[in-house]
Amino acid sequence: MTQGAVALALAAFAAVPALSEIKSGTEFLSPDMRRQQADETRNPAFFWVEQGRELFSRKPTPDGQACVSCHADPQQSLRGAATHYPQVDAATAKLLNLEGRIEQCRVERQGQPAFGYESPELLAMTAYLGSLSRGLPVEVKTDGAARPYYEAGKAFFERRQGQLNLSCQQCHDGLVGQKLRGDTVSHGAGTGYPAYRLEWNDVGSLHRRLRACSLGVRATQFDYGSPEYLALELYLAGRAKGLPVETPGMRR
Amino acid sequence: MSFNARITMPTDVRAGEIVEIKVLTRHPMDRGGQSDGRGGTVPRKILNRLTATYAGEPIFRFDMHTGVAANPFVSFTTRAVATGDIVFEWREDGGATYTRTARLTVT
């Protein structure tokens, strides 16, 4: 116990890795799982992508407008869109992630009730739109209007919290590559989300994963779409700049 | 969106060739037993059997139990004999069945 605490304390002083050293979560998977992620015939998350594609072209009501009526030819017009999220919404000056943008469009443009965070429909839409950016590098804005959110996310990442008094940084910078509960600690790049996690038997959002991490250090679990996790998501995306989007990913 | 299937196999093969058939299924495979919030428990609802027939002949059967993960993936092989339909049938707890057909063209 004491040894473990000392190791963690030392890890806290480990140097922050250069951004070029940040690796995708895929790098920490077994070769077989990597193949499964890349193979559309074996990656179950593609069912969600398929469902999202259908939802995208389906009219919510008989006289309503489908997403494709504005975003024609999404393969072209929305290719790369997911690489810019989270971003600050110009109209409301609030930070929006991809889920938030989809819900905003659904409520304000389509006049429909929001799907709700972590609903199968929203996960499907997010997975579909994310998949349109597969292979393109993450390029979120972390300056200008996004600066305060980025700083808040960075502060969250570095702050010790929970009963175990751990910060995200201690594991995801200091102990990367080491084992934790049978899994390998990664850099915490969210480039594969929404992802199919074997532990969940399901596709889940990045915020669901962040909630699992909060629980792991016995800290407060924030709500889906909460400002805390949104800011953290922006910081993580900022760290992952240049890494390719892998949605829909597979994780353990 | 509780059931969906993705069947992957070559469409054109030569007679005598070994064909690999990959079947990925979307199904929650609910093993049941959780509280339903009213004092009872949720019944088990899984796909309990997958069978495949090729030109009317059974070629594959997989009995699934609660240990099988959600969204099961199976892969098997068969020998191409003659052009025909491969019919996949899943049996779900409660008696529902789902069927998908894929055409194998043998030259």
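User: What makes up the lining of the second largest pocket, by class?

Analyst: In this predicted model, the lining has 17 nonpolar, 5 polar and 7 charged residues. Cys counts as nonpolar and Arg as charged, so Cys67(A) and Arg106(A), both among the residues closest to the pocket centre, fall into those two classes.

User: Which element gives the largest share of that lining?

Analyst: α6(A) does, with 8 residues. Two or more residues also come from each of α3 (46-57), α4 (67-70) and α7 (120-131) of chain A. The space in this pocket is about 660 Å³.

User: Why is the pair Asp39(A) and Lys22(B) called a salt bridge?

Analyst: The N to O distance between the two side chains is 3.6 Å. The cut-off is 4 Å between a side-chain nitrogen of Lys or Arg and a carboxyl oxygen of Asp or Glu, so the pair qualifies. Between chain B and chain A the count is 3 salt bridges. The side of chain B that touches chain A draws at least two residues from each of β1 (4-8) and β3 (18-26) of chain B.

User: How many residues does each chain bring to the contact, and what area is buried?

Analyst: Chain B and chain A bring 13 residues each. About 1,200 Å² is buried between them, and carbon and sulfur atoms give 53% of that area. Arg6(B), Leu24(B) and Arg26(B) supply 46% of the area that chain B buries against chain A, more than any other three residues.

User: What is the count of residue pairs in polar contact between the two chains?

Analyst: It is 6, with both residues of each pair at pLDDT 80 or more. By class, the side of chain B that touches chain A has 6 nonpolar, 4 polar and 3 charged residues.

Note on methods:
Residues numbered from 1 in each chain as written. Chains lettered and ligands numbered in written order. Predicted model: local features only at pLDDT ≥ 70, side-chain atom pairs only at ≥ 80, totals over all residues. Heavy atoms only, no water. Contact = heavy atoms within 4.5 Å. Buried area = accessible area lost by both parts, 1.4 Å probe. Polar contact = N/O pair within 3.5 Å; in protein donor to acceptor, adjacent residues only side chain to side chain. Helix = DSSP H or I, 4+ residues; strand = E, 2+ residues; numbered from the N terminus. 1 Å grid on protein atoms, 1.4 Å probe; cavity = no way out; pocket = protein on both sides within 12 Å on 5 of 7 lines; lining within 4 Å. Points joined across faces, edges and corners; volume = space filled by probe spheres on them.
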